[in-house]
Amino acid sequence: KRENISPAQLQQLISNQDHFINNSNDIYLALKSLRVGKSLESDVLSYLTKLLNIADLSFSLKTSLIYHQNLFNSGGYNIGAAKSSAINLKNGLLKFIENIAKDTPKQSELLTVYIGYNDELKTRGRYDFDDMILFVIDAFKKDTDLLRSYQEQYQYFLVDEFQDTNFAQNEILNLLCSYYENPNIFVVGDDDQSIFRFQGASLENFLFFKKSYPKVKIIFLKQNYRSHQLILDLADSLISHNQAAFFSQEKIRLKAMDG
């Protein structure tokens with residue numbers, strides 16, 4: 001609900017993943033059988049292309065595969081368990097397919113719970129906190145006059161702790177701002193804190209914000225008043241060994257380059 005994903009949308013996501021699993025099994029087995037050799041890199045890239053060319057591949061899955069492709073091309077896979085970037089890419093693709101195959105049955109069970117939970121809420125005449133957000137989104141989308149009245153009432157928007165907002169909350173903000181080509185909106189946030197995923201927060205919020213409001217002026221606050229330089233240096237030294245952190249930052253950089 002925090003991502004504004006309905007049961008119908010979750011069902012579609014599961015169907016897309018089932019389709020991918022059914023059509024990637026042979027490629028997965030071929031990838032797994034690859035051994036170190038002169039043609040390893042070209043072979044891995046060839047199988048990545050085959051994954052990308054699966055018919056009716058969903059946009060989200062294709063985007064994830066392109067991310068692996070871009071990460072390899074930019075040297076991101078030079079860091080990994082193996083010294084060979086081709087082997088790291090191969091292992092990354094295998095893990096990607098395995099995770100989808102492992103997670104899809106869980107998501108199918110979640111869908112059953114999700115539908116049952118919503119039905120029970122309706123039966124009891126109840127709603128939860130996330131519904132309070134989703135009801136507003138639904139009302140704004142269905143009733144243009146209602147949306148216009150709030151757009152007229154609220155003309156200036158300030159969002160603090162922007163890194164803690166989720167997709168559903170952002171949707172309300174974007175709907176309120178949608179009347180103006182260049183709205184009066186000001187957000188404050190620390191993209192490094194988005195890794196905590198507090199209440200569904202996502203680093204993509206910052207990218208989406210920049211794309212939604214291209215004329216926005218970005219001000220970077222680089223002076224740290226909280227921590228001594230020794231603490232910052234030690235933290236930076238420690239996190240530099242975190243492969244996941246590198247991949248996350250590289251993913252964001254590549255997304256930003258793609259606009």
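The accessible surface of the protein, in this predicted model, comes to about 17,300 Å², as given by the Shrake-Rupley method with a 1.4 Å probe, where for residues only the protein chains shown count as cover. Carbon and sulfur atoms account for 55% of this surface. Of the 259 residues, 32% count as buried; here buried means under 20% relative accessible area, exposed over 50%, and partly exposed in between (1.4 Å probe, protein chains only). Residues are numbered from 1 along each chain as its sequence is written, and side-chain values use heavy atoms, with hydrogens and water left out. Because the model is predicted, local features need pLDDT of at least 70 and side-chain atom pairs count only at pLDDT 80 or more, whereas totals for chains, interfaces and linings use all residues.

The protein has 10 helices and 2 strands, taken as DSSP runs numbered from the N terminus (helices H or I, at least four residues; strands E, at least two). From the N terminus on, the order of elements is α-α-α-α-α-α-β-α-β-α-α-α. Contact is defined as heavy atoms within 4.5 Å. Among contacts between residues at least 6 apart in sequence, 75% join residues at least 24 apart.

In soluble globular proteins, nonpolar side chains tend to be buried together. A nonpolar core is a set of buried Ala, Val, Leu, Ile, Met, Phe, Trp, Tyr and Cys residues joined through side-chain atoms within 4.5 Å. The largest such core has 27 residues, and those with the most contacts inside it are F20, L31, V44, L51, L65, L93 and F96. Two or more residues are given to this core by each of α1 (7-33), α2 (40-52), α3 (59-73) and α4 (85-124). Helix α4 gives the most, with 7 residues. F20 touches L51, I54, L57, L61, L65, F96, I97 and I100, when residues up to four places away in sequence are not counted. Apart from this core lies another, of 17 residues, among them I133, A168, L173 and L175.

Beyond its neighbours within four places in sequence, K90 is in contact with L31, K32, L34, R35 and V44. N118, likewise in α4, is buried because its relative accessible area is 16%. With neighbours within four places left aside, N118 is in contact with K1 and P7.

Y127 lies in the loop between α4 and α5 (129-142) and is exposed, with a relative accessible area of 54%.

Most residues other than glycine have a negative phi. D56, although not a glycine, has a positive phi of about 60 degrees. D56 is placed in the loop between α2 and α3 and counts as exposed, at 69% relative accessibility. E161, also not a glycine, has a positive phi of about 50 degrees. E161 is found in the loop between β1 (156-159) and α7 (167-177) and counts as partly exposed, at 42% relative accessibility.
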